[in-house]
Structure formats: C-alpha cells, structure tokens
Amino acid sequence: MAKIITIARQYGSGGRIIAQKVADKLGLVYYDNQIIDLAAEELGFDIRTIRKAAQEKSSGFLYTMAGGTFQMPLNDQVFATQSKIIRHLATNDSCIIVNGCADYILEDFDHVLKVFIHAPIASRAKRVEEEYGEKHENYIKYVKSRDKKRENYYNYYTTNKWGQLTNFDLTINSDFGLDEVADVIVEMYRKL
C-alpha cells in the first residue's frame with residue numbers, strides 16, 4: 001500500500017527543503033519540478049514554457065490549432081497532465097509530492113498526509129534573500145506576489161481555497177526549525 005505526503009507551502013517557508021529532509025529520513029522518493037518536467041515531455045513543449053504555464057491560471061479561452069481543431073489553453077493542459085502524473089505516482093509508490101494542488105488532486109486517495117507549511121512574512125522574506133540567494137528590490141512585496149499567484153492558481157483549478165486549514169491534516173510554522181518540522185512530518189507519516 002502506497003503512503004503519500006503532499007506538501008503545499010507559502011513562498012519562502014522552506015517547504016522544499018523540509019520535503020527533502022523528510023524524504024531523506026524516510027527513504028522516500030521526492031517529486032517537485034520533476035512533475036512539471038514530465039508534463040512538458042508528455043505535452044511536447046519546452047520545459048521553461050511549461051514551468052511558466054504551471055504557475056498561472058488559464059485564460060479560459062479555447063484556441064485553434066492548424067486544421068481547425070480546438071485545444072484547451074496550455075495552462076489547462078498542463079494542470080490536467082500534472083494531475084494525471086501525480087495520480088499515477090501516488091498509485092504506484094510511496095513518495096512525497098511538493099505541488100500546490102496535490103492535496104486536492106489526491107483527495108479521494110487513502111493514506112495521504114496533506115501538509116501545508118507556512119511562516120510569518122518577515123522570516124519568509126529573510127529566507128528568500130539569505131538562504132535562497134534571490135535578489136529583489138522589496139522582498140516582502142515579492143513574497144506576497146508569489147503567494148498571490150499560488151492562491152489564484154489553486155483557487156482557479158480546485159474547488160477548495162488555498163491555505164484553508166481544513167484542506168490539510170497538518171499545517172505547521174517552519175519558524176520552529178526546518179529539521180524540527182521535518183521530524184513532526186515524519187512522525188505523522190508513520191501513523192498513516
């Protein structure tokens with residue numbers, strides 16, 4: 001029986017780092033950008049194009065291909081393909097999936113620990129600057145804008161609301177320490 005951890009997170013909360021620590025502690029496969037890369041391969045598009053489409057909600061307009069056939073907007077194709085890949089991964093092996101919509105995509109699966117990692121805006125801005133090494137004019141404004149994109153995307157593609165506590169089994173503040181948060185997730189996973 002496959003047991004899955006899904007991790008959604010606020011930007012700058014250290015969610016990816018925590019996910020990797022959990023994967024190492026449990027000996028699980030960890031999927032993040034690989035899901036987008038697999039979607040790009042399946043759709044036959046450049047990875048950069050797909051990564052951009054995977055962060056933005058659809059325009060909602062159909063477009064026509066050569067030959068007059070209608071196609072879904074690329075963003076919708078990417079979401080549908082990622083959903084298919086996530087469901088396939090969860091069906092076949094225990095793993096950790098870092099994807100903002102994985103909690104929703106796998107809501108009908110058993111043995112899924114759904115985690116949301118958050119932190120105060122000031123500590124997230126500091127992490128983006130100091131740990132991630134990103135350069136921005138206003139870190140707090142940038143972090144808020146990234147969260148807004150995640151919220152818009154999640155709210156567009158799911159019937160849930162981004163960051164809503166009831167969507168998750170565990171919501172945790174990463175300011176307790178990345179190793180400590182990883183340990184809590186590991187303990188919860190073992191109880192699945």
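The legends below describe close-up views of a predicted model.

Local features are reported at pLDDT of at least 70 and side-chain atom pairs only at pLDDT 80 or more, whereas totals for chains, interfaces and linings use all residues. Residues are numbered from 1 along each chain as its sequence is written, and side-chain values use heavy atoms, with hydrogens and water left out.

**View 1. Strand S1 and its parallel partners, S5 and S6.** Helices (H or I, at least four residues) and strands (E, at least two) are DSSP runs numbered from the N terminus. Strand S1 (residues 4-9) is mostly covered, six of its six residues being buried; buried means under 20% relative accessible area, exposed over 50%, and partly exposed in between, with a 1.4 Å probe and protein chains only. Ile4, Thr6 and Ala8 point one way from S1, while Ile5, Ile7 and Arg9 point the other way. Two strands are said to pair if DSSP finds at least two bridges between them. S1 pairs in the parallel sense with strand S5 (residues 95-98) over four bridges, and isoleucine 7 stands opposite valine 98 in S5. Strand S6 (residues 112-118) also runs parallel to S1, joined to it by six bridges. On that side, isoleucine 4 has valine 112 as its bridge partner, and isoleucine 7 stands opposite valine 115.

**View 2. Strand S6 and its pairing with strand S7.** S6 is largely enclosed by the rest of the structure, because six of its seven residues are buried. Strand S7 (residues 170-173) pairs with S6 in the parallel sense, over four bridges. In this pairing, histidine 118 has asparagine 173 of S7 as its bridge partner.

**View 3. Arginine 127 and the buried residues of helix H6.** Arginine 127 lies in helix H6 (residues 121-130). It counts as buried because its relative accessible area is 9%. Apart from neighbours within four places in sequence, arginine 127 is in contact with Gly12, Ser13, Gly14, Tyr132, Ser174 and Leu178, where contact means heavy atoms within 4.5 Å. Arginine 127 also forms a salt bridge with glutamate 131, the closest N and O atoms being 3.6 Å apart; a salt bridge is a side-chain nitrogen of Lys or Arg within 4 Å of a carboxyl oxygen of Asp or Glu. Ser123, Arg124, Ala125 and Val128 of H6 are buried as well. The cover over the buried residues of H6 includes H7 and H8.

View 4. Side chains of opposite charge can pair when their charged atoms come close. The structure holds nine salt bridges. In one of them, the side chains of lysine 21 and aspartate 179 meet at 2.9 Å, N to O. Another salt bridge joins aspartate 147 to arginine 124, with the closest N and O atoms 2.5 Å apart. Elsewhere, salt bridges that share partners join Lys148, Glu151 and Lys161 into one network.

**View 5. The largest pocket and its lining.** A pocket is defined on a 1 Å grid over the protein atoms alone, as an open set of points where a 1.4 Å probe fits, with protein on both sides within 12 Å along at least five of seven lines; lining residues have an atom within 4 Å of a point. The largest pocket holds about 660 Å³ of space, the volume being that filled by probe spheres set on grid points joined across faces, edges and corners. Of its 32 lining residues, Arg9, Arg16, Gln55, Arg146 and Arg150 lie nearest the centre. The lining divides into 14 nonpolar, ten polar and eight charged residues; Ala, Val, Leu, Ile, Met, Phe, Trp, Tyr, Cys and Pro count as nonpolar, Asp, Glu, Lys and Arg as charged, and the others, Gly among them, as polar. Helices H1 (15-26), H2 (33-43), H4 (74-92) and H7 each supply at least two lining residues. The largest share, five residues, comes from H7.

**View 6. Lysine 141 in helix H7.** Lysine 141 lies in helix H7 (residues 139-157). It counts as exposed because its relative accessibility is 61%. The C-alpha atoms of lysine 141 and glutamate 107 are separated by 32 Å, the two residues being 34 residues apart along the chain.
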